[in-house]
Every structure is written in C-alpha cells, then in structure tokens.
Amino acid sequence: MMKKILFLFAVLCSLAACKNTSDKNTLAIQGIDSSIQPGDNFFMYVNRKWYDSVKIPPSQAGVGTYMFMNYPQRLRLQGILDSVSKAKNTAGSIEQKLGDFYASGMDTNTVDQRGYQPIKPLLASINNISNVAALMKFVADEAKVFNTSVVAFSVGPDNKNSSLNIAHIYQTGIGLPERDYYFKTDAPNIAIQQAYKTYLATLFQLTGSDASTAAKNADIVYNIDKQLASSHRTNVELRDVNANYNKMAVAVLAKREPNIGWVNVLNDLGAKTDSIDVGQPAYYAKLNMSLKIIPINDWKLYLKAYSISNYANLLSKPFVDAAFAFNKVLTGQAVQKTRGEIMASAVDNSLGEALGQLYVKKYFTADAKKRVQELVNNLQKAMGARMDKLDWMNDSTKQKAKEKLFAITKKIGYPDKWRNYNNVTVAKNKYFENVVSAAANNYQFQLAKLNKPVDKTEWFNTPSTVTAYNNPSANEIVFPAGILQPPYFDNNADDALNYGGIGMVIGHEITHTFDDQGAQFDKNGNVKNWWTKADYKKFKEKTQKVVDLYNTFTVLDTVHIKGAMTVGENAADIGGVAMAYDAFKLTKEGQDTTKIGGYTPDQRFFISVARIWRVKMKDEFLRLWINNNPHSPPMWRVNSPLMNNPHFYDAFHVQPGVSNYLPKEKRVQIW
C-alpha cells in the first residue's frame, strides 16, 4: 500500500483532472421559496413551491422523484410495448415475447371472460390434500412458480463463502407487510387489519363461498397468519447479519422439524443439497409445530386464500378490484393504475432484461455511461481521501478499509451480458399462463445456481428501474440506466448539479460498503472481521449516534423515524453527501466561487441534493413507509444529512437559532 501522504496526493491530482464543465449547460435553479430559512427546512426551501402546487395522480400513492419516478418510467416502457405488440415480430424473438405478453394482459375482455378458471385446477388440488405430507408437497410445487405460502426458498451466495451459491430459507407465511401489523392496536392499524380480513372474505366469496362462510374462513386464515407472525423477527432484528445466518445440515433440520418433512420438501423443490441457511429458525420451528396443531382443513383454507391472493391481479376484474380495495387502505392510492401501466410493470417483472435491452437502446447513451463511470471513480477516490483523514481509525484498519473500497465492482446502466428467455412460452390469449411460464423460468434460473460459483456479472434490478443498490456479498455497487436521468444525472448539466445529484447517490452506495451491515463483510464479500477491536467499538459508538439522532425526528402525528431500522440508509445519506461534496470540490466548478443564476457552486450542489428527493406522498403511504422502508422519508434524506455537514452551514450562512441547526459537538460523521 502506498504511503498515506503519497496516496492522498495521487487522489487529489486524479480528481482535480476530472472533466471540466466549460462545455456543460448551467441549468437554471427555479422554485426556491425565499420565505423559508435554509437552516429551518432546506427540503422545503428548495421544494415548497413545487410541493404546494403538485397534485398526486389518483392512480399513485405519491409523486416526484425516487421510487415515484417509476411512474413516468412505466409510461416509457408502455410506449415501447405498445409499439412491439403491434409489430410483426419473428417467432421466439424478444420482441415477439414482449409484445405478445403485453398484449395478453391488455386483452381484458379475454381475462374477464375467463374469471377464475385459470386457478380452478389449483383449488381442486388443495381440495384433494388429506394430510400434512400432501400439504407440504403442494407448498413446494407451488414455490417453483413463486406462488409462495409457508416456505420461502432462494439460492444465493453463502455469507461465509461468497463465491459459492447455497440454499436459503426465510420467514414468510403472512399477508400483512410485517409482524407488528398483527399486534398493534392503534386506529390506523386496526383499519388495515379489518381491510385485510375483508379482502380475504371477498376472495372466498368470489370463488363460491356464501358471505357467512367466507367471513368464517377469513378469520381462520387471519388467525393462522397471526400465529406465524408471532415467530417473525422484526425489521430491526432482520438487520443483524450474523443472527440471520444459520447454515446447518439438512439431516439436522429434518430431525428437528419432522412435520415439515425437509428431505421431501427440498426434493420437490428440485434442490439437491446437504446443507441450508435457515435465516430465521424460530419461524420454521413455529411452522413445524403449527402443522401438527392446526387442523388440515384450516390449512387448506389458508392455502386457498394465499393462492387466490397471489394470482388475484391476473384474474377477472372482481379479483383485481378486491386486491386494490385492500391496497387502497394500505397506501392511500385513490384509483387503480391504468391497464397499460400495470402491464408495463408486469412485463418488466417477468421479462425484465428482455425489455431492458429495448429500453437502453432508446433512452441510454454510451456517452452517459462513460460520464457516470467517471463520477463513480471520482467518488471512490474521494472516499479514500476521507479515510486517510479519519481520526478515530488506526492505520492498519484504514489500509484494510481502503483495500475493500478499491476492490468494489462498479456496474453502470445495464448488464454486460443479457439473460435469455428461451424457455418462456408466451401466447397472446393466455395472460395467466404467460406469467406462470415466466415465473417457472425465473425459478429454474435461480435453482440452476445452487452449489455453483457465483456469477459476478448478474444484476438484481432491471435496467429501467429508478434505483441503485449495494450488494455486500459481491462488494459491488449498481446504477441502472433508469436512475441515470434528471434530476439525478444530466450529461449536459454542470458538475454542481451532477455531484449533488447522482454523486450523492453514488456516495450513498459506496458508504453502504461500510455501514452497520456492510462493515461486517470483507473485500471479497465474506462475513469476516477485518477490524481491530478498538476501532470497531468506536465505529459502533458513532453508528449509535446516527440511531439516536434519527429517533428524534417526528414524521406524522406522533410517528417517529425508526433509527435502528434505518441506520444503514441514514449513515449512507450522511456519508454520501460528504463524499460527493469532496469530489465536487476537486472539479473546476467546485474550486470556483462564481455565482450562476444567483447561486454559488456550493449552493447549487446542495440545492441539487434537495431536488433529487423531491417527493410528496399520501399519509397512508408515509405510514406504510415508516413501518417497512429502511430509508428515512425524503424530507429527512435532505435535512438530516445537511444538518450534519459543515459545508452546508457555510454555503447558506446557517447560524444558531434556526430549527435544523446542530452544534458542532452534536453533528454526526462516521466516514
């Protein structure tokens, strides 16, 4: 490893040489609300005028950037699919499969005429179940088309040997978003419980039960749900990397849980393995006991409810309406999405990389990919320079941290090699069967990886999705083409906007490599300690300060951000802004002080940070977010990182007395 002083010099030289902005457009900043002090609420200082004037589309739970950019993205995809579905395509080509899949779902007349005919054989199979062994065979068989009920099986890297794919099972078996929904007694939660029971009863009625019987059946299913939920780990507990890794011999598991019949279940799944990682053992212990205690006829009702629910949106309008009525209570979404938007999502979910090829051809350029690659490299180098300056970490830990940092794999835009969908059968008049065929193909694609080396080129999001992610088991960061558009990235914008935009996101994903979870993985993606005991103790103390700070933020009524659940994302937000700012300051614009449109380069940088989280959402969706999303809500993804950033205070002359002022000794900075 190069001497620290020489390495820092090299980093500074490299970053200073990055592309200047003389040939870039300096886009105007509009919509600032000067009646708000930047230090009181910077999110609203930048976004209030937009926030007060924008209307949430009735078919959405929110509007703006981030996940809500996937709404206009789906309209783009719909345009592509409208075109290919009307063209004469070669049989077996991706255009034919995409076009016919889309057309099959758009043909609502045929879908409605079929009613629930597509799942009648499934319901008949459930009727024929006479014992637990037959029940578990049904569970395993249906898992192979992702009709998941009480067993959640997957194939992925071994945490302790990340180069090898192994079998994993996880807690599942409940219909509400997470365990606490079954036990909370506040009014909004009671309304959700009731809506779920109504939904279950409606599904039974739609498949032949009278109202009284349907209500009784719904109660039986709900009570099974609740029993299983009692064994679930909370969202906070699921963050514990080591507690959620429990690799054991199948023979041991089979002996421990004889009612499940693991040897037969794994055989039925097609999973040839002598060991398995049991993510949450308490759930499967509870399932094993419940299979013995709960009557088989009650289990059959449970399987019917889950099968109907899993397929409801593929059936006729009454089933779609029932699913929406429940979702409306959860999210606040006022009306159903258009059929075109629904089908754009369905095709993306089932044939994502096929659709992705057409998307990137139309909407993503090689020049944009090259520019983002430069940004990623610059942020990576900026993080290395920041590590050199840390006063709480000794040199030996810094060296290992930097080895991990510069071992990160960077994926941008779309995969280097595309998946094929040769085994998917698509017919224009068989929407249900098309989805099942794609699901079966996706399962076999996953199963084929079992006990094989990990393919480091694989992607876990489609290219059109507006997202980015860090995969600790591969030590990689991934930026699909979908997020590489305004306001996150504009190839014609000045550096201030791009570094405050996609630069912050890049820094966020890099910081995940060293958050409370990522820090437990080594440079090769294995869960392995690389810290000194003293340094890790300091790291945990600093991480706890992030938890404590975010616990103080009230979001809705008396609802607070859950600091322990969101700590990884919050630390990444704080680190991401800091890292992006350092990288920006080594560009030509970042070293200048000339105002553009009345704002200094530093001010433009921070304004861009606020613009990329410009979101307005329904209260119901915000409540759902707080309970389930590991990210803080958008306003706090702006205000909280900035109140901890000294350069923000300087850029906007923030002084004591404003709402979001934090004294220096209370500001949190880990990396």
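## Loop residues with positive phi

F146 is located in the loop that connects α7 (132–143) with β2 (152–158). The model described here is predicted. In this model the phi angle of F146 is near 60°, a positive value in a residue other than glycine. With a relative accessible area of 37%, F146 is partly exposed, because that class covers values between 20% and 50%.

N451 also has a phi near 60°, and N451 is likewise a residue other than glycine. Its place is the loop between α19 (431–447) and β7 (469–471). The relative accessible area of N451 is 38%, so this residue too is classed as partly exposed.

## A cis peptide bond

The peptide bond between P486 and P487 is cis, with omega at about 5°. P487 belongs to the loop that runs between β8 (476–480) and α20 (495–500).

## A buried threonine in a loop

T172 is found in the loop between β3 (161–170) and α8 (187–206). Its relative accessibility is 16%, and T172 therefore counts as buried, the limit for that class being under 20%.

Which residues does T172 contact, once its neighbours within four places in sequence are left aside? T172 is in contact with T148, S149, V150, V151 and A152, and also with H232, Y283 and Y284.

## The faces of helix α11

Helix α11 spans residues 262–269, and W262, V265, L266 and L269 are buried within it. These residues lie on the same side of α11, because they cover an arc of only 95° around the axis. In general, an α-helix has 3.6 residues a turn, so residues three or four places apart point the same way.

The face turned away from the buried side of α11 carries N264 and N267, both exposed. Just after the helix, G270 adopts a positive phi of about 80°.

## The largest nonpolar core

The largest nonpolar core holds 199 residues, among which F42 and W671 touch the most other members. Helix α23 (residues 563–584) gives the most to this core, contributing 9 residues.

The surroundings of F42 can be given by residue. Apart from neighbours within four places in sequence, F42 is in contact with F606, I607, A610, V638, N639, L642, F648 and F652.

## Aromatic pairs and charges over rings

How many aromatic pairs does the structure hold? The number is 47. Ring pairs join F42, Y45, Y499, Y581, F584, F605, F606, F648, Y649, F652 and Y661 into a cluster. Among the members of this cluster, F606, F648 and F652 are also in the list of residues in contact with F42.

Charged side chains are placed over aromatic rings as well. The charged end of K197 sits over the ring of Y222, at 4.5 Å from its centre. R419 lies over the face of F445, and here the distance to the ring centre is 3.9 Å.

## Confidence of the prediction

The average pLDDT of the protein is 95, and 96% of the residues score at least 70. Residues 1–24 have a pLDDT below 50, although this stretch has 39 contacts in the model beyond near neighbours in sequence. Where pLDDT is low, the predicted coordinates should not be read in detail.

Methods:
Residues numbered from 1 in each chain as written. Heavy atoms only, no water. Helix = DSSP H or I, 4+ residues; strand = E, 2+ residues; numbered from the N terminus. Buried < 20%, exposed > 50% of the residue type's maximum accessible area, 1.4 Å probe, protein only. Core = buried A, V, L, I, M, F, W, Y, C linked by side-chain atoms within 4.5 Å. Contact = heavy atoms within 4.5 Å. Phe/Tyr/Trp six-rings, centres within 6.5 Å; stacked < 30°, edge-to-face > 60°. Lys NZ or Arg CZ within 6 Å of the ring centre and 35° of its normal. Arc of directions from axis to C-beta. pLDDT = per-residue confidence, 0-100.
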